[in-house]
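Open the model in your viewer and keep the sequence panel at hand. We will go from one selection to the next.

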Amino acid sequence: MINQGIKTISVGNIIMGGAGKTPHTLLIANELIKKSEKVAVLSLGYKGKLGYDINVISDGKGNFFHHPPMAADEPYMMAKNNPELIVITGKKREQSLALARDKYGATAAILDDGYQYKKLARDVNILLLDHRRPISTGFPFPFGYLREFPSSISRSDIIVFTRAKNDNIPENVKGFINKQSIYFSNTVFNRVILKNEEIELKYLKGAAVAAYSAVANNDAFYNTLHNAGLDLKFFAGFSDHKLLLEKSINGILAQGRKKGAVMFITTEKDFVKLPAEYQSIFGYLKMDIELSNKDAFINEIESLASK
(Lines give C-alpha, C1' and ligand atoms only; values in the text may rest on other atoms or scores of the structure.)
Protein backbone atom coordinates (compact mmCIF):
# COMPACT_ATOMS: atom_id res chain seq x y z
CA MET A 1 0.00 0.00 0.00
CA ILE A 2 1.33 3.43 -0.95
CA ASN A 3 2.03 5.55 2.12
CA GLN A 4 -1.00 7.84 1.77
CA GLY A 5 -2.89 6.40 4.73
CA ILE A 6 -5.71 5.26 2.46
CA LYS A 7 -6.19 2.53 -0.13
CA THR A 8 -6.20 4.22 -3.52
CA ILE A 9 -7.79 2.64 -6.58
CA SER A 10 -8.05 4.15 -10.05
CA VAL A 11 -10.65 3.20 -12.67
CA GLY A 12 -10.22 4.56 -16.17
CA ASN A 13 -9.82 3.93 -19.87
CA ILE A 14 -7.70 5.04 -22.83
CA ILE A 15 -10.37 5.50 -25.47
CA MET A 16 -12.45 8.62 -25.96
CA GLY A 17 -16.09 8.10 -25.08
CA GLY A 18 -17.75 5.73 -22.67
CA ALA A 19 -16.27 2.45 -21.49
CA GLY A 20 -18.43 1.99 -18.40
CA LYS A 21 -16.23 3.79 -15.87
CA THR A 22 -19.05 5.05 -13.66
CA PRO A 23 -20.94 1.75 -13.20
CA HIS A 24 -17.69 -0.15 -12.61
CA THR A 25 -16.58 2.47 -10.08
CA LEU A 26 -19.92 2.10 -8.31
CA LEU A 27 -19.68 -1.69 -8.33
CA ILE A 28 -16.23 -1.60 -6.71
CA ALA A 29 -17.36 1.00 -4.17
CA ASN A 30 -20.43 -1.00 -3.17
CA GLU A 31 -18.47 -4.23 -2.80
CA LEU A 32 -15.79 -2.55 -0.65
CA ILE A 33 -18.47 -0.97 1.54
CA LYS A 34 -19.89 -4.48 2.09
CA LYS A 35 -16.43 -5.40 3.38
CA SER A 36 -16.58 -2.58 5.95
CA GLU A 37 -14.40 -0.12 4.06
CA LYS A 38 -15.36 3.55 4.27
CA VAL A 39 -15.23 4.47 0.60
CA ALA A 40 -14.87 7.80 -1.18
CA VAL A 41 -15.28 8.31 -4.90
CA LEU A 42 -13.16 11.13 -6.31
CA SER A 43 -14.64 12.51 -9.51
CA LEU A 44 -13.72 15.41 -11.76
CA GLY A 45 -17.35 16.59 -11.75
CA TYR A 46 -17.53 17.05 -15.51
CA LYS A 47 -20.44 19.25 -16.66
CA GLY A 48 -21.46 20.21 -13.12
CA LYS A 49 -22.07 23.92 -12.60
CA LEU A 50 -19.92 23.82 -9.46
CA GLY A 51 -16.89 23.84 -11.72
CA TYR A 52 -13.66 22.07 -10.83
CA ASP A 53 -13.02 23.35 -7.30
CA ILE A 54 -13.17 20.75 -4.53
CA ASN A 55 -16.79 20.09 -3.50
CA VAL A 56 -18.34 17.43 -1.29
CA ILE A 57 -21.45 15.98 -2.92
CA SER A 58 -22.26 13.51 -0.14
CA ASP A 59 -20.62 12.66 3.18
CA GLY A 60 -21.38 8.95 3.47
CA LYS A 61 -23.97 9.59 6.17
CA GLY A 62 -26.91 10.26 3.90
CA ASN A 63 -26.30 14.00 3.64
CA PHE A 64 -26.23 15.63 0.19
CA PHE A 65 -24.68 19.06 -0.11
CA HIS A 66 -25.15 19.68 -3.83
CA HIS A 67 -27.72 18.53 -6.38
CA PRO A 68 -27.93 18.77 -10.17
CA PRO A 69 -27.43 21.01 -12.03
CA MET A 70 -24.78 22.27 -9.58
CA ALA A 71 -23.49 18.76 -8.99
CA ALA A 72 -22.52 16.77 -12.08
CA ASP A 73 -24.95 14.00 -12.96
CA GLU A 74 -22.66 10.95 -12.71
CA PRO A 75 -21.11 11.61 -9.26
CA TYR A 76 -24.53 12.58 -7.93
CA MET A 77 -26.02 9.38 -9.34
CA MET A 78 -23.34 7.34 -7.56
CA ALA A 79 -24.02 9.15 -4.31
CA LYS A 80 -27.76 8.47 -4.60
CA ASN A 81 -27.08 4.79 -5.24
CA ASN A 82 -25.45 4.28 -1.85
CA PRO A 83 -25.87 6.73 1.06
CA GLU A 84 -22.77 5.25 2.71
CA LEU A 85 -20.61 6.48 -0.16
CA ILE A 86 -18.57 9.68 0.18
CA VAL A 87 -18.48 11.53 -3.14
CA ILE A 88 -16.14 14.46 -3.77
CA THR A 89 -15.66 16.32 -7.05
CA GLY A 90 -12.83 18.55 -8.19
CA LYS A 91 -9.87 18.76 -10.53
CA LYS A 92 -7.13 18.24 -7.94
CA ARG A 93 -7.73 14.67 -6.88
CA GLU A 94 -4.89 14.70 -4.34
CA GLN A 95 -6.79 17.41 -2.43
CA SER A 96 -10.02 15.43 -2.71
CA LEU A 97 -8.23 12.37 -1.33
CA ALA A 98 -6.79 14.29 1.62
CA LEU A 99 -10.24 15.68 2.43
CA ALA A 100 -11.87 12.26 2.21
CA ARG A 101 -9.23 10.73 4.46
CA ASP A 102 -8.73 13.50 7.02
CA LYS A 103 -12.24 14.93 7.41
CA TYR A 104 -14.50 12.01 6.55
CA GLY A 105 -12.36 9.08 7.68
CA ALA A 106 -12.32 7.28 4.32
CA THR A 107 -10.23 4.11 4.28
CA ALA A 108 -10.43 3.62 0.51
CA ALA A 109 -10.61 6.12 -2.35
CA ILE A 110 -11.62 5.37 -5.93
CA LEU A 111 -10.56 7.73 -8.71
CA ASP A 112 -13.37 7.74 -11.24
CA ASP A 113 -11.77 8.24 -14.67
CA GLY A 114 -8.31 8.42 -13.13
CA TYR A 115 -6.10 6.56 -15.60
CA GLN A 116 -4.60 9.71 -17.10
CA TYR A 117 -4.39 11.56 -13.77
CA LYS A 118 -0.76 10.78 -12.94
CA LYS A 119 -0.31 13.37 -10.17
CA LEU A 120 -1.87 11.03 -7.63
CA ALA A 121 -0.19 7.73 -6.81
CA ARG A 122 -2.45 4.72 -6.64
CA ASP A 123 -2.23 1.20 -5.24
CA VAL A 124 -4.33 -0.35 -8.00
CA ASN A 125 -4.65 0.83 -11.59
CA ILE A 126 -7.72 -0.66 -13.27
CA LEU A 127 -8.07 -0.21 -17.02
CA LEU A 128 -11.37 -0.71 -18.84
CA LEU A 129 -11.16 -1.70 -22.50
CA ASP A 130 -14.17 -2.04 -24.77
CA HIS A 131 -14.08 -5.66 -25.91
CA ARG A 132 -15.39 -4.71 -29.37
CA ARG A 133 -12.76 -2.02 -30.06
CA PRO A 134 -10.18 -2.03 -27.27
CA ILE A 135 -7.66 0.23 -29.02
CA SER A 136 -9.76 1.50 -31.92
CA THR A 137 -7.37 2.55 -34.72
CA GLY A 138 -4.39 2.53 -32.36
CA PHE A 139 -3.79 6.28 -32.62
CA PRO A 140 -4.56 9.12 -30.19
CA PHE A 141 -6.85 12.01 -31.06
CA PRO A 142 -6.98 13.75 -33.57
CA PHE A 143 -5.70 10.83 -35.68
CA GLY A 144 -7.79 8.27 -33.82
CA TYR A 145 -10.02 7.84 -30.81
CA LEU A 146 -7.49 7.08 -28.09
CA ARG A 147 -6.52 9.35 -25.21
CA GLU A 148 -2.98 7.96 -25.34
CA PHE A 149 -1.01 5.31 -27.22
CA PRO A 150 -1.79 1.60 -26.62
CA SER A 151 1.60 1.19 -24.92
CA SER A 152 0.00 2.92 -21.90
CA ILE A 153 -1.83 -0.34 -21.20
CA SER A 154 1.37 -1.45 -19.47
CA ARG A 155 0.60 0.90 -16.53
CA SER A 156 -2.44 -1.15 -15.55
CA ASP A 157 -2.57 -3.80 -12.85
CA ILE A 158 -5.99 -5.16 -13.82
CA ILE A 159 -7.76 -5.06 -17.17
CA VAL A 160 -11.52 -5.40 -17.54
CA PHE A 161 -12.90 -5.95 -21.03
CA THR A 162 -16.32 -4.33 -21.00
CA ARG A 163 -19.29 -5.14 -23.26
CA ALA A 164 -17.68 -8.56 -23.66
CA LYS A 165 -19.33 -11.09 -25.99
CA ASN A 166 -17.01 -13.87 -24.83
CA ASP A 167 -13.94 -14.43 -22.66
CA ASN A 168 -11.37 -14.13 -25.45
CA ILE A 169 -8.74 -11.40 -25.46
CA PRO A 170 -8.96 -9.47 -28.78
CA GLU A 171 -6.01 -10.19 -31.05
CA ASN A 172 -5.07 -6.53 -31.62
CA VAL A 173 -4.45 -5.93 -27.92
CA LYS A 174 -2.65 -9.16 -26.91
CA GLY A 175 0.78 -7.66 -27.61
CA PHE A 176 0.22 -4.94 -25.00
CA ILE A 177 -0.79 -7.30 -22.19
CA ASN A 178 1.79 -8.96 -20.00
CA LYS A 179 1.39 -9.24 -16.23
CA GLN A 180 -2.16 -7.94 -15.82
CA SER A 181 -5.08 -9.95 -14.49
CA ILE A 182 -7.94 -10.10 -16.99
CA TYR A 183 -11.68 -9.93 -16.35
CA PHE A 184 -14.73 -9.59 -18.58
CA SER A 185 -17.92 -7.66 -17.91
CA ASN A 186 -21.25 -6.77 -19.46
CA THR A 187 -23.73 -4.00 -18.86
CA VAL A 188 -27.23 -5.40 -18.35
CA PHE A 189 -30.62 -3.75 -18.03
CA ASN A 190 -33.17 -6.05 -16.45
CA ARG A 191 -35.34 -3.71 -14.43
CA VAL A 192 -37.11 -0.39 -14.35
CA ILE A 193 -37.45 1.66 -11.16
CA LEU A 194 -40.76 3.53 -11.04
CA LYS A 195 -41.93 5.39 -7.92
CA ASN A 196 -39.28 3.50 -5.91
CA GLU A 197 -40.75 0.19 -7.06
CA GLU A 198 -38.74 -2.32 -9.09
CA ILE A 199 -40.35 -3.80 -12.20
CA GLU A 200 -38.59 -6.50 -14.20
CA LEU A 201 -38.16 -5.28 -17.76
CA LYS A 202 -39.58 -8.51 -19.19
CA TYR A 203 -42.96 -7.72 -17.64
CA LEU A 204 -43.18 -4.46 -19.58
CA LYS A 205 -43.23 -6.16 -22.97
CA GLY A 206 -45.86 -4.45 -25.12
CA ALA A 207 -46.23 -1.47 -22.78
CA ALA A 208 -46.87 1.84 -24.54
CA VAL A 209 -43.85 3.93 -23.57
CA ALA A 210 -42.31 7.33 -24.25
CA ALA A 211 -38.63 7.76 -23.44
CA TYR A 212 -35.74 10.15 -23.65
CA SER A 213 -32.04 10.14 -22.88
CA ALA A 214 -29.11 12.55 -22.83
CA VAL A 215 -26.17 10.15 -22.83
CA ALA A 216 -23.18 9.41 -25.03
CA ASN A 217 -25.03 6.70 -26.95
CA ASN A 218 -28.74 7.44 -27.17
CA ASP A 219 -29.17 4.75 -29.82
CA ALA A 220 -28.05 2.09 -27.36
CA PHE A 221 -30.68 3.21 -24.85
CA TYR A 222 -33.36 3.22 -27.55
CA ASN A 223 -32.33 -0.24 -28.76
CA THR A 224 -32.40 -1.65 -25.23
CA LEU A 225 -36.01 -0.56 -24.82
CA HIS A 226 -36.97 -1.67 -28.33
CA ASN A 227 -35.30 -5.08 -28.00
CA ALA A 228 -37.06 -5.64 -24.69
CA GLY A 229 -40.34 -5.50 -26.58
CA LEU A 230 -41.61 -2.16 -25.32
CA ASP A 231 -43.99 -0.31 -27.64
CA LEU A 232 -42.06 2.94 -28.09
CA LYS A 233 -44.58 5.58 -29.01
CA PHE A 234 -42.10 8.46 -28.74
CA PHE A 235 -38.36 8.82 -28.20
CA ALA A 236 -36.09 11.85 -27.91
CA GLY A 237 -32.30 11.86 -27.72
CA PHE A 238 -30.17 14.79 -26.52
CA SER A 239 -26.46 15.53 -26.20
CA ASP A 240 -24.57 13.83 -23.37
CA HIS A 241 -25.07 15.42 -19.91
CA LYS A 242 -27.66 17.88 -21.23
CA LEU A 243 -29.91 19.30 -18.52
CA LEU A 244 -33.45 19.54 -19.83
CA LEU A 245 -35.55 22.57 -18.99
CA GLU A 246 -39.12 22.06 -17.80
CA LYS A 247 -40.37 23.18 -21.21
CA SER A 248 -38.55 20.27 -22.85
CA ILE A 249 -39.71 17.77 -20.23
CA ASN A 250 -43.30 18.91 -20.63
CA GLY A 251 -42.88 18.60 -24.38
CA ILE A 252 -41.81 14.96 -24.02
CA LEU A 253 -44.82 14.27 -21.79
CA ALA A 254 -47.20 15.99 -24.21
CA GLN A 255 -45.82 14.20 -27.27
CA GLY A 256 -45.85 10.85 -25.51
CA ARG A 257 -49.42 11.19 -24.29
CA LYS A 258 -50.56 12.41 -27.69
CA LYS A 259 -49.17 9.23 -29.25
CA GLY A 260 -50.68 6.95 -26.62
CA ALA A 261 -47.85 6.40 -24.14
CA VAL A 262 -48.90 5.42 -20.63
CA MET A 263 -45.39 5.11 -19.17
CA PHE A 264 -42.36 7.40 -19.34
CA ILE A 265 -38.80 6.09 -19.00
CA THR A 266 -35.35 7.66 -19.00
CA THR A 267 -31.81 6.68 -17.95
CA GLU A 268 -30.71 6.70 -14.34
CA LYS A 269 -28.24 9.48 -15.09
CA ASP A 270 -31.02 11.63 -16.53
CA PHE A 271 -33.50 10.71 -13.81
CA VAL A 272 -31.39 12.20 -11.00
CA LYS A 273 -31.45 15.54 -12.82
CA LEU A 274 -35.24 15.67 -13.05
CA PRO A 275 -37.10 18.09 -10.73
CA ALA A 276 -38.86 16.21 -7.91
CA GLU A 277 -42.33 16.65 -9.37
CA TYR A 278 -41.28 14.77 -12.52
CA GLN A 279 -39.56 11.92 -10.66
CA SER A 280 -43.00 10.62 -9.74
CA ILE A 281 -43.90 10.44 -13.44
CA PHE A 282 -40.74 9.01 -15.00
CA GLY A 283 -39.20 5.67 -14.28
CA TYR A 284 -35.58 4.85 -15.09
CA LEU A 285 -33.79 1.87 -16.54
CA LYS A 286 -31.47 0.44 -13.92
CA MET A 287 -27.96 -0.42 -15.08
CA ASP A 288 -26.19 -3.44 -13.59
CA ILE A 289 -22.73 -4.85 -14.25
CA GLU A 290 -22.24 -8.58 -14.69
CA LEU A 291 -18.58 -9.35 -14.03
CA SER A 292 -16.81 -12.64 -14.50
CA ASN A 293 -15.35 -13.86 -11.20
CA LYS A 294 -16.55 -10.81 -9.28
CA ASP A 295 -15.36 -12.17 -5.94
CA ALA A 296 -11.86 -12.78 -7.31
CA PHE A 297 -11.86 -9.29 -8.84
CA ILE A 298 -12.71 -7.59 -5.54
CA ASN A 299 -10.34 -9.80 -3.57
CA GLU A 300 -7.49 -8.92 -5.94
CA ILE A 301 -8.20 -5.21 -5.58
CA GLU A 302 -8.13 -5.56 -1.80
CA SER A 303 -4.92 -7.58 -1.90
CA LEU A 304 -3.09 -5.12 -4.17
CA ALA A 305 -4.30 -2.13 -2.18
CA SER A 306 -3.12 -3.63 1.10
CA LYS A 307 0.44 -4.41 0.06
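Is Asp288 buried, partly exposed or exposed? Select Asp288 to start. This is a predicted model.

Arg191 sits in strand β8 and Asp288 in strand β13, so the pair ties together parts 97 residues apart in sequence.

Next, select Ser292. Ser292 is in the loop between β13 (282-291) and α8 (294-306). Show its contacts beyond four places in sequence: Tyr183 and Phe184.

Move to Asp130 and Arg163. They form a salt bridge, with the closest N and O atoms 2.9 Å apart. Asp130 belongs to strand β6 (residues 124-130), while Arg163 is in the loop between β7 (158-162) and β8 (181-194). Colour by accessibility: Asp130 is buried at 3%, and Arg163 is partly exposed at 27%.

Last stop: Glu31 and Lys34. Their salt bridge has its closest N and O atoms 3.2 Å apart. Both lie in helix α1 (residues 21-34), 3 residues apart, so about one helical turn separates them. Glu31 is buried at 12% relative accessibility, whereas Lys34 is exposed at 63%. Glu31, Lys34 and Lys294 are linked in a salt-bridge network. To continue, look through the rest: the model has 19 salt bridges.

Note on methods
Residues numbered from 1 in each chain as written. Predicted model: local features only at pLDDT ≥ 70, side-chain atom pairs only at ≥ 80, totals over all residues. Heavy atoms only, no water. Helix = DSSP H or I, 4+ residues; strand = E, 2+ residues; numbered from the N terminus. Contact = heavy atoms within 4.5 Å. Salt bridge = Lys/Arg side-chain N within 4 Å of Asp/Glu carboxyl O. Buried < 20%, exposed > 50% of the residue type's maximum accessible area, 1.4 Å probe, protein only.
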